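Subject: Structure handover

Hello,

Here is the structure for your files. My notes on what was found in it follow below.

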Amino acid sequence: MADITIRSCQCSNCQAGHDHADRQLHHQINLLLSRLNEQQRRWFAALESNKIGYGGDTLLSLITGLHVDTIRRGREELDAELDGRPTDRIRNPGAGRPPGKKKTRPPWRT
Ligand SMILES: [Zn+2]
């Protein structure tokens with residue numbers, strides 16, 4: 001876990017190299033995401049996307065490197081009150097499920 005690299009934002013403003021209002025925000029989004037697990041990253045990106053509204057998924061995809069479909073799925077999960085998603089623990093203690101087995105996801109449709 002020591003060699004976590006923080007993604008640099010790929011949005012056009014950050015790539016252009018000049019200072020802009022959201023540069024620090026974009027950096028801190030990636031900083032935060034580097035400490036979150038996969039589903040938390042998805043939900044946080046979804047939340048930021050919701051704040052932006054139209055075009056949010058595309059922008060968050062550029063910032064975070066998550067796929068737009070991943071962010072959209074995160075928004076759907078938030079809209080569904082994270083129904084069926086694990087709570088604060090990544091693994092339920094004592095659940096006894098063998099590690100490495102992928103949870104089956106509901107078939108999200110476009
Ligand atoms: Zn940026």
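Arg42, Trp43, Ala45, Ala46, Leu47, Ser49 and Asn50 in α3 meet Thr70, Ile71, Arg73, Gly74, Arg75, Glu77 and Leu78 in α5, where contact means heavy atoms within 4.5 Å. By class, the residues of this contact of α3 with α5 are 6 nonpolar, 4 polar and 4 charged (Ala, Val, Leu, Ile, Met, Phe, Trp, Tyr, Cys and Pro count as nonpolar, Asp, Glu, Lys and Arg as charged, and the others, Gly among them, as polar).

The model is predicted: local features need pLDDT of at least 70 and side-chain atom pairs count only at pLDDT 80 or more, while totals for chains, interfaces and linings use all residues. Residues are numbered from 1 along each chain as its sequence is written, and side-chain values use heavy atoms, with hydrogens and water left out.

Helix packing

Helix α5 covers residues 68–79, and its axis comes within 8 Å of that of α3, crossing at roughly 85 degrees. Axes here are lines fitted to C-alpha atoms, for helices over the stretch in contact, with angles from 0 to 180 degrees between N-to-C directions; helices are DSSP runs (H or I, at least four residues), numbered from the N terminus. α3 and α5 are therefore roughly perpendicular to each other (65 to 115 degrees; under 35 is roughly parallel, over 145 roughly antiparallel, and the rest oblique).

Helix α3 (residues 38–52) also packs on helix α4 (residues 56–64), at an angle of about 135 degrees and with the axes 8 Å apart. That makes α3 oblique to α4. On the α3 side the contact is made by Ala45, Glu48, Ser49 and Ile52, and on the α4 side by Gly56, Asp57, Leu59, Leu60 and Thr64. These residues divide into 4 nonpolar, 3 polar and 2 charged.

The axes of α2 and α3 cross at roughly 155 degrees and come within 10 Å, which makes α2 roughly antiparallel to α3. Here Ile29, Leu32 and Leu33 of α2 meet Arg41, Phe44 and Glu48 of α3; 4 of the contact residues are nonpolar, none polar and 2 charged.

Zinc site

Cys9 (SG), Cys11 (SG), Cys14 (SG) and His26 (ND1) coordinate the zinc ion at 1.9 to 2.3 Å (donors are N, O and S atoms within 2.8 Å of the metal, or 3.2 Å for Na, K and Ca). Cys9 lies in the segment before α1 (12–16) and His26 in helix α2 (residues 23–33), so the pair links distant parts of the chain, 17 residues apart. The 4 donor atoms subtend angles of 103 to 114 degrees, which makes the arrangement tetrahedral (four donors, all angles between 85 and 135 degrees).

Regards

Methods
Helix = DSSP H or I, 4+ residues; strand = E, 2+ residues; numbered from the N terminus. Tetrahedral: all angles 85-135°; square planar, octahedral: opposite > 155°, others 65-115°.
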